[in-house]
Amino acid sequence: MAFPYPGLPGGDALRLLTLEPGRFFDSLQGTLTPVPFSAKPKYLALSYTWDDPTPYQSAFPVDFVAKQQPEWSLDDEDGSVYVSPESCRGEATLALGGHDMPLRHNLALALRYLRSTSQPLTLWVDAVCINQDDIVERNAQVALMASIYSRAAAVVTWLGLNRTGFWGLGETSDANYSLEAGADMRSSYLRGNSKMLAPWFAEHIAAKSGPRNRDILESRAAEKEALERMTVVNKLGNAMVIKTTYWERVWVVQEVCLAQKVFFVYGPTVFVDTETVQSAHQKNGLKVASGMTRMLEARDARFSNAMRLETLIEKFTAQMCTDPRDKIYGLVGLANDVNPVENLGDSGVLAPQNDNGDNVDFIIDYRRSFYDIWCDTIQYLFRCPYYFVPAHLDLDKDELRRLRHERLTNLVRFSGLVQNTLQDEVERELARLTSAFWTDKPNVHLLGPELFPRHLVPARGYVAGKIVDLGPTYADFVGSSRHQTVWKTKCRKHYRKEFDLEKLRQMEERYAAKILDYDETDVARITLIDGENFVAFASEEDGPLDNITTSPTRDNRGAIMDDIMSKRPTNSVPIPLREGQVCRFLGTNLCMGLVPPETAVGDWVIRFWDCDAAIVVRPEEASDPKSSCALVGRADVADVWDRKGPLGDNMANTALSRNSYGSSEDRRIDMVMSWHTLQRITASIIT
């Protein structure tokens with residue numbers, strides 16, 4: 001039977017858990033109270049992982065059954081009298097208002113160690129306070145998550161329980177729940193200071209609720225004294241510090257970064273600040289986890305541009321979560337350039353948003369498809385205030401031009417980064433075209449959102465090379481030694497400088513080894529792409545893509561986009577002559593790789609900043625460097641060994657500059673494409 005959650009009041013609100021005091025072996029009990037934000041509730045927010053953060057923690061018991069005929073014992077630790085349990089188990093419930101709520105193992109451990117023997121403790125715990133089965137409520141509460149954690153008096157990070165000193169615990173990770181382990185757990189609880197959080201919180205709230213202390217120095221001294229008292233209670237030193245997967249989870253990023261204060265809890269031991277927890281790691285002979293360092297650095301930078309959503313996704317793309325959507329939603333609340341809001345509609349369909357940077361709402365809705373969430377995240381680049389500068393600020397024109405250029409050149413890379421962050425679910429979702437969700441109106445769904453104000457996306461790349469030779473098919477290349485050997489000699493037909501030939505041979509050696517490991521999916525991505533809604537053209541200084549964001553009205557921006565699309569080439573892509581198979585190619589500027597079978601000599605290969613995304617386009621006039629181009633398809637390009645340097649993508653930075661390589665040739669190229677085309681170009685790219 002589902003747990004009967006008390007309803008939430010109207011407006012912004014949350015439920016709070018009051019964890020009742022009890023002895024260590026007592027069952028967990030509390031009350032769940034709905035509270036509006038307007039009541040300014042006081043609470044601690046718990047940050048933890050739903051699964052156990054260490055491989056052996058699952059062996060700890062979390063629930064204890066009292067003896068029917070109690071035998072009172074004298075405790076050696078504090079001289080109190082207690083009743084030893086009759087049995088224990090690895091599953092626990094939380095009694096709330098006459099109903100039992102099942103708890104996950106890690107959360108049950110956390111609540112047992114955080115509970116005081118004498119004081120109630122008011123907590124916000126997502127698994128307890130949110131009805132996870134109500135998708136509408138879940139959307140609304142996730143949209144409020146940033147406010148919930150930033151309003152908390154402190155965030156308590158539960159990092160897990162160390163097995164050190166628990167002699168009753170089995171040596172394996174099996175569920176070896178023993179009373180001896182329970183006795184050791186209780187002993188560590190009594191010797192630690194985690195039970196002191198409730199008394200500290202009560203004192204903290206009392207001080208905040210009384211007459212305001214105008215002496216800031218005195219107030220800070222009192223707070224410091226209270227924390228020192230909590231530290232002194234700990235008799236376990238640094239023994240409980242362990243390696244934990246806590247720092248690998250995505251949700252804990254905003255929970256730690258947004259907190260007014262952070263407590264770090266290892267079982268019965270509480271560290272009251274970042275300095276002491278890092279010192280404890282070092283004193284215990286443990287390397288500070290890279291995830292911990294990265295997160296604490298982000299906390300220190302929480303008021304800077306490092307909190308842009310674009311930057312956060314880049315930095316924390318490897319963080320783990322159960323639902324890939326949370327790899328985006330878990331960072332939106334922390335970002336300082338978007339506003340997380342719930343979708344108030346009955347479905348995942350969104351109302352149109354502005355594209356002038358005034359107000360950037362990011363919809364939290366778990367009903368939305370991965371494709372839609374990907375589109376939401378990409379269009380943020382064209383709506384975030386970082387790229388829009390109000391006229392009254394009178395920013396230097398060169399700086400405005402730099403911002404526009406940065407956004408256009410980063411679009412393709414960011415699109416691929418977001419697909420990778422969503423763990424390739426966008427690509428897999430689009431492949432399932434036979435499901436009921438897609439068979440209704442798939443083309444309408446693939447349109448994506450409106451920008452400027454058409455269902456099209458602008459981007460900027462550069463001409464990496466012009467194709468001068470086409471070689472064996474991929475199948476022939478990997479299956480025939482002769483085909484591979486003959487292809488290696490082709491470079492002498494088009495290059496004569498020994499320096500160039502040496503580089504090409506180095507590239508060929510690495511690339512041949514790389515593509516031997518390609519699977520069917522990798523090869524299938526190198527394919528023809530419908531270019532009906534695509535056009536590429538020479539990138540002019542303050543050209544149409546630069547002007548489109550500065551145009552004052554929606555109608556003007558739409559007119560610019562329509563004018564761009566009117567210049568699409570009329571030449572069509574012919575039927576391939578090479579049995580429809582992907583093949584090797586060689587181009588100018590040391591460009592080589594794999595292209596779709598529709599490719600012809602004279603086509604151009606376009607690359608993008610700081611990633612391996614590449615496409616083949618066909619110029620309307622091959623001899624005209626300013627010719628508009630049609631899309632052929634996606635390519636796979638070998639990297640020059642020194643493409644990247646200390647300042648990033650050296651090759652792209654040079655090519656995207658005016659008159660690259662000191663020549664008169666301008667290699668920058670602008671383009672407009674459909675959302676679906678952008679998705680296909682950037683699926684599973686390396687960034």
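1. Throughout this note, buried means under 20% relative accessible area, exposed over 50%, and partly exposed in between, with a 1.4 Å probe and protein chains only. By that criterion both F24 and F64 are buried. The model is predicted, so local features need pLDDT of at least 70 and side-chain atom pairs count only at pLDDT 80 or more, while totals for chains, interfaces and linings use all residues. Residues are numbered from 1 along each chain as its sequence is written, and side-chain values use heavy atoms, with hydrogens and water left out.

2. The structure holds 19 aromatic pairs, where rings of Phe, Tyr and Trp (its six-membered ring) pair if their centres lie within 6.5 Å, and planes under 30 degrees apart count as stacked, over 60 as edge-to-face and the rest as tilted. The F24 and F64 rings have centres 6.2 Å apart and planes at 45°, so this pair is tilted. F24 belongs to the loop between β1 (13–19) and β2 (28–36) and F64 to strand β4 (residues 63–66), so that the pair links distant parts of the chain, 40 residues apart. Helices (H or I, at least four residues) and strands (E, at least two) are DSSP runs, numbered from the N terminus.

3. Y329 and Y366 form an edge-to-face pair, at 5.2 Å centre to centre and with 80° between the planes. Since Y329 lies in helix α12 (residues 326–332) and Y366 in the loop between β15 (361–364) and α13 (370–379), the pair ties together parts that are 37 residues apart in sequence. Both Y329 and Y366 are buried.

4. F24 and F64 also belong to one aromatic cluster, together with F25, Y113, W158 and Y189. The charged end of R112 sits over the ring of F24, 5.9 Å from its centre; the criterion is NZ of Lys or CZ of Arg within 6 Å of the ring centre and within 35 degrees of the ring normal. R112 and Y113 are both among the buried residues of α1, a helix (residues 105–114) in which 10 of 10 residues are buried.

5. α13 and helix α26 (residues 675–682) pack at about 95° with their axes 11 Å apart, the axes being lines fitted to C-alpha atoms over the stretch in contact, with angles from 0 to 180 degrees between N-to-C directions. The two helices, α13 and α26, are therefore roughly perpendicular, a class that covers 65 to 115 degrees, against under 35 for roughly parallel, over 145 for roughly antiparallel and oblique for the rest. The contact (heavy atoms within 4.5 Å) includes W374 and I378 of α13 and W675 and L678 of α26.
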